[in-house]
Amino acid sequence: MTVSDVRTDLGAEEVVERTPWPAAILGLIARYPLGAAGALVVVAMIFAAVFADVIAPYDPEANAYEYMFTAPGGQYWLGADDFGRDIFSRIIYGARTALFVGFVAAFVGATGGLVLGVASAYFGGWFDLIIQRVMDVIMAFPLIILALAVISVLGPGIDKVIIAITIPFIPQCARVVRSSALAIREIPYIDAARACGFSHARIILRHMVPNVMAPFLIMITAFVGQAILLEATLSYLGLGVQEPVPAWGLMLKSGAEEYAESAPWIPIFPGIAISLAVFGFNLFGDALRDALDPKLRAQ
Amino acid sequence: MAAILEIENLQTQFFTSAGTVRAVDGITYSVNHGETVAIVGESGCGKSVSALSILRLIPDPPGRVVGGHIRFMGLDILALSDAEIRKVRGRRIAMVFQEPMTSLNPVLTIGRQLTETLEHHLGMGREASNARAVELLGMVGISDPQRRLAQYPHHLSGGMRQRVMIAMALSCEPELIIADEPTTALDVTIQAQILELMRDLSKRLGVALIIITHNLGVVARYADRVNVMYAGKIIEQGSALQIYHQPSHPYTLGLLNSVPRLDRPRQAKLDPIEGQPPDLTRLGAGCAFQPRCRFAVTRCAQEIPPLETVSEGHVSACWRRDDLGEKMRDAS
């Protein structure tokens with residue numbers, strides 16, 4: 001964009017109209033307290049993932065057999081698991097895995113859906129028909145079944161997990177984006193862009209895509225939560241991330257099967273982490289939807 | 001003067017579930033270098049469709065140009081490939097749309113929308129296109145153009161936006177600008193400004209203009225030549241003077257009588273044309289205007305009148321053109 005190099009001489013009146021950053025953030029917190037709570041969880045999680053090496057007191061993959069099944073306490077805050085690994089450190093590192101899978105799957109899936117959805121609305125006709133029917137076929141499968149099918153073809157592993165989670169996201173996003181884009185397609189500025197001689201790709205990417213950013217961003221935040229849950233599910237089923245990589249679903253699996261009664265801290269804490277993360281992203285996504293919807297904002 | 005655009009027997013049809021709509025049904029006209037041609041008619045008479053056909057912007061499906069020729073500066077428009085027509089659009093034939101409020105993209109800055117065309121068609125760099133954008137905004141009378149570049153369409157009023165649209169149309173120095181009801185959505189005071197601006201720029205830069213309008217006042221003041229359209233056909237064609245002083249089709253006369261005029265007595269009532277335009281899916285055998293025409297005779301319902309010469313450069317499609325000429329003017 002050319003904004004940066006021509007913005008230098010903005011008139012004084014624009015500057016006055018802008019609310020300063022801290023005040024704007026406080027205003028948002030007051031208006032969307034639940035969303036702020038969600039955002040807090042999201043930020044905490046990102047912080048944990050980024051600074052995992054600094055925060056985690058132990059190596060998440062190092063076995064210490066003399067400390068197996070240590071109960072939560074001073075030495076191991078959240079206890080140690082069946083290999084004597086620190087559960088707190090594994091949860092911190094697990095945030096890394098969860099966020100990596102969540103963000104990559106959500107971003108790739110939503111972007112794929114964005115382009116397909118806008119192109120589908122823009123071209124219309126048989127192109128739209130074919131794309132939408134393919135999307136219908138993919139959407140006919142429940143999320144987890146489709147992911148399982150993909151994993152069973154590709155095999156387990158973190159990269160395959162991402163692919164398996166991405167594929168079901170594409171039609172979900174394409175569907176929502178297409179409906180927004182259909183309305184935009186009818187607004188004269190798209191005809192005006194065609195009358196300027198721009199190519200289809202340019203009109204789709206430069207003129208239509210920026211106008212459907214609101215539903216796209218909402219879909220992304222919703223997808224991150226879903227992707228974290230799906231990754232945990234796949235790992236729990238033994239089809240996702242493999243030991244010894246710290247992942248919440250994997251920790252839940254090994255704990256829930258054998259030690260739910262004898263050492264409940266092994267399954268409980270990863271379970272809480274999963275719930276909290278998904279809850280946080282969903283609250284954040286809902287608040288974002290409300291904030292970006294002018295009809296709700298007016299109330 | 002040489003014709004830069006020649007349209008010959010153009011036919012554009014829409015294939016809908018209700019039947020085939022003959023939106024443009026065999027129109028022929030030409031536009032000379034630097035000339036302003038008006039296309040006048042009621043809503044739905046095919047004037048916008050005829051203009052969109054020139055740039056091949058008819059949505060297909062359901063619409064299609066089914067016949068005729070469009071020649072522009074030696075190019076056979078209807079035979080161009082998609083890539084070739086894109087080089088004509090915006091570069092050599094530009095378009096100004098009716099709705100300035102919705103013809104600019106709300107998420108792109110004014111500057112970006114102006115420079116995009118320049119970069120795309122002329123391969124200008126960022127600095128050159130920015131400088132040119134400032135120059136263009138100044139040319140269309142926008143104050144403080146440098147600052148406007150960073151603004152978004154919602155910062156501007158309707159009249160300002162239409163000026164931006166005109167600046168965009170002018171940006172690549174096209175030979176022809178098609179303005180589809182450029183002033184319909186604007187306040188009356190702004191309408192005159194915009195039209196003056198367009199006329200002034202077209203004369204100064206030698207750009208030909210096609211103005212599509214339903215406003216005969218616009219025609220009288222700004223057009224060199226006029227095409228009056230009804231039900232997809234041109235029913236009268238001539239210079240603005242000829243159309244005004246010697247209307248030779250009952251429909252043209254009706255249009256003139258339905259506009260308030262200062263050179264008539266105040267108490268004279270406006271005389272609108274009764275009835276509605278015909279359904280373009282099922283036109284009868286005769287003149288399309290016949291059901292609404294107060295001069296109609298039996299023949300009018302049976303045969304379509306051809307365009308015939310009234311005087312030098314003035315043609316009209318009416319069976320009673322000659323014997324009704326005087327009566328029509330008396331009636332007015």
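In this predicted model, M73(B) is found in the loop that runs between strand 4 (63–72) and strand 5 (75–76) of chain B. The residue has a positive phi of about 50°, although it is not a glycine, and it is partly exposed, with 16 other C-beta atoms within 10 Å. A positive phi of about 50° is also found at N9(B), again a residue that is not a glycine. N9(B), however, lies in strand 1 (residues 3–16) of chain B, and with 11 other C-beta atoms within 10 Å it is exposed.

Of the contacts in chain B between residues at least 6 apart in sequence, 65% join residues at least 24 apart.

Eight strands of chain B form an open sheet with mixed pairing, in the order 6-7-8-3-9-10-12-11. Strand 6 (93–96) and strand 11 (308–311) of chain B stand at the edges, and each has a single partner strand, so one side of each is left without a neighbour in the sheet. On average, and with direction ignored, neighbouring strands of this sheet are turned by 25° against each other. Within the sheet, strand 3 (residues 36–40) and strand 8 (residues 208–213) of chain B pair in the parallel sense over five bridges, and V40(B) has T213(B) as its bridge partner in strand 8 of chain B. Helix 6 (residues 158–170) of chain B packs on the sheet, where it touches strand 6 and strand 7 (176–180) of chain B, and its direction makes about 175° with that of strand 6 of chain B.

In helix 10 (residues 250–257) of chain B, six of the eight residues are buried, so the helix is largely enclosed by the rest of the structure. The buried residues of helix 10 of chain B are P250(B), Y251(B), T252(B), L253(B), G254(B) and L255(B).

Chain A is built from 15 helices and zero strands. Its C-alpha trace spans about 75 × 50 × 35 Å along the principal axes, and buried residues make up 43% of its 299 residues. Among contacts in chain A with a separation of 6 or more, 70% are between residues 24 or more positions apart. The average pLDDT of chain A is 85, and 92% of the residues score at least 70; over residues 1–16 of chain A, however, pLDDT stays under 50, and the model has 19 contacts beyond four places in sequence for that stretch.

Finally, the two chains meet where 30 residues of chain B are in contact with 23 residues of chain A. Helix 2 (82–88), helix 3 (110–122), helix 4 (126–139) and helix 5 (145–148) of chain B each supply at least two residues of the side of chain B that touches chain A, and helix 3 of chain B gives the most, with six residues. By residue type, this side of chain B divides into ten nonpolar, twelve polar and eight charged residues.

Note on methods. Residues numbered from 1 in each chain as written. Chains lettered and ligands numbered in written order. Predicted model: local features only at pLDDT ≥ 70, side-chain atom pairs only at ≥ 80, totals over all residues. Contact = placed C-beta atoms within 7 Å. Helix = DSSP H or I, 4+ residues; strand = E, 2+ residues; numbered from the N terminus. Nonpolar A, V, L, I, M, F, W, Y, C, P; charged D, E, K, R; others polar. Pairing = 2+ DSSP bridges. Axes fitted to C-alpha atoms, helices over the stretch in contact; angles between N-to-C directions. pLDDT = per-residue confidence, 0-100. Buried ≥ 20, exposed ≤ 12 C-beta atoms within 10 Å, placed from the backbone.
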